[in-house]
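User: I would like to go through the labels on this model and see what each one rests on. Please set each value against its definition.

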Amino acid sequence: MRGCFITFEGGEGGGKSTQAKLLAQRLKSTGIDVLVTREPGGSPGAEIIRHVILSGAAKPLGAL
């Protein structure tokens, strides 16, 4: 079977992660293999970068 790539778009706090989790659970319940990831994220290093960005810790560094 050929794969399918599904994305959820929207602002912070819009429920994207919740909806992705619910969809993944539903697909898994029907026997479909699912891989859930996010950007930035998905690997240990990317999760650290995501935390720094979302926590505001990078603000003092400026846009560059």
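User: Why does Glu-12 count as exposed?

Analyst: The model is predicted, so local features need pLDDT of at least 70 and side-chain atom pairs count only at pLDDT 80 or more, while totals for chains, interfaces and linings use all residues. Residues are numbered from 1 along each chain as its sequence is written, and side-chain values use heavy atoms, with hydrogens and water left out. Exposed means over 50% relative accessible area, buried under 20%, and partly exposed in between (1.4 Å probe, protein chains only). Glu-12 has 66% relative accessibility, so Glu-12 counts as exposed. Glu-12 sits in the segment before α1.

User: What makes Glu-47 partly exposed?

Analyst: The relative accessible area of Glu-47 is 27%, and therefore Glu-47 is partly exposed. Glu-47 belongs to helix α2, residues 44–55. Pro-44 is also placed in helix α2, but Pro-44 has a relative accessible area of 69% and is therefore exposed.

User: How many helices and strands does the chain have?

Analyst: The chain has two helices and zero strands. Both terms refer to DSSP runs, numbered from the N terminus: a helix is H or I over at least four residues, a strand is E over at least two.

User: Why is the chain called more spread out than a compact globule?

Analyst: The radius of gyration is taken over C-alpha atoms, and the globule rule is 2.2 Å times the number of residues to the power 0.38. For 64 residues the rule gives 11 Å; the chain has 15 Å, well over that, so the chain is more spread out than a compact globule. The C-alpha trace spans about 45 × 25 × 15 Å along its principal axes. Buried residues make up 8% of the 64 residues.

User: What is the volume of the largest pocket, and which residues are closest to its centre?

Analyst: The largest pocket holds about 1200 Å³ of space. Of its 30 lining residues, Ile-6, Phe-8, Ala-20, Val-36 and Thr-37 are the closest to the centre. On a 1 Å grid over the protein atoms alone, a pocket is an open set of points where a 1.4 Å probe fits, with protein on both sides within 12 Å along at least five of seven lines; lining residues have an atom within 4 Å of a point. The volume is the space filled by probe spheres set on the points, which are joined across faces, edges and corners.

User: Which helix gives the most to that lining?

Analyst: Helix α1, residues 16–29, gives the most, with seven residues.
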